[in-house]
Amino acid sequence: MKKKWLRGIALALAVVSVFGLVGCSKDAASAGDFSGEALFYTLVKNVTYASPLEDAGDSTALYFPEMPEGAALVLYKGSGYFADEVVWVTLQDKGDMDTAKAMFRKHLTQLREQFQNYQPQEVGKIDKAVLWHQDTTLILCITDDTKTVQSILENPADCTMPPQTETPTT
C-alpha cells in the first residue's frame, strides 16, 4: 500500500514538473526573423546527445497523433535506450499553439512513464526538456546539454543552414 502511495506521489510530481516546463517556455516573439529549419538543424548538429540522432521519418506522426491539422513535424531521436530527441513543428495557424503545447505535455508525460520503467536514469533529462516557441514554430529538445540548447535559442536569428555541397555531374 505504501509503495502505491509513493508511486502516486512521484507520478503527480512528474506531471506537475512537465506542466511547469511548458509554463516556463520562452516566448521569443522579440527575437527577430529566424528560420525554423536553420534553428532545428543547429540544435541537431551543435548540441551534445547521448546517442546520434536520426530522422524518425514517416513514423513521426505516430508519436504525435493529436497534432493540429496541417502541422508539419520533424523528429530526430536517439536510440531507444536514451530519451534524447529534437522535434520541430510548424503550425498552419497560430491559434493552434495551445493544442500543440498540450500535445507536447502529453508526449513528455508518456515518455517519462516509459523511461521510468526501463531506463530511470533518463527521467531527469525528460524533466529538463526545453520547449521553445515563436509565431507558428515550436521546438522541443530533450538532452542533458540544456546549456547549449538555451544558448542557441537565445538568438534563433543567428542560426544558419550549412552550405549545400554540390555533387559533380558526369
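Tutor: Let's start with helix H2, which covers residues 36-46. In this predicted model, its buried residues are Gly36, Ala38, Leu39, Phe40, Thr42, Leu43 and Val44. The buried residues of H2 pack against strands E3, E4, E5 and E6 and against helix H6. Let's visit some of these partners in turn.

Strand E3 runs over residues 72-77, and lysine 77 sits in this strand. Lysine 77 counts as buried because its relative accessibility is 17%, below the 20% cut-off. Setting aside residues up to four places away in sequence, lysine 77 touches Pro52, Leu53, Glu54, Tyr63, Asp84 and Glu85. With glutamate 85, the side chain of lysine 77 makes a polar contact of 3.0 Å.

Next come E5 (130-134) and E6 (137-142), with aspartate 135 in the loop between the two strands. Aspartate 135 has a positive phi of about 55°, although this residue is not a glycine. Its relative accessible area is 40%, so aspartate 135 is partly exposed.

Finally, look at helix H6, residues 146-154. Now find valine 47: lysine 147 and valine 47 are 100 residues apart in sequence, yet their C-alpha atoms are 9.1 Å apart in space.

Methods
Residues are numbered from 1 along each chain as its sequence is written. This is a predicted model: local features need pLDDT of at least 70, side-chain atom pairs count only at pLDDT 80 or more; totals for chains, interfaces and linings use all residues. Side-chain values use heavy atoms; hydrogens and water are left out. Helices (H or I, at least four residues) and strands (E, at least two) are DSSP runs, numbered from the N terminus. Buried means under 20% relative accessible area, exposed over 50%, partly exposed in between (1.4 Å probe, protein chains only). Contact means heavy atoms within 4.5 Å. A polar contact is a pair of N or O atoms within 3.5 Å; within protein, one must be able to donate a hydrogen and the other to accept it, and residues adjacent in sequence count only if both atoms are side-chain atoms.
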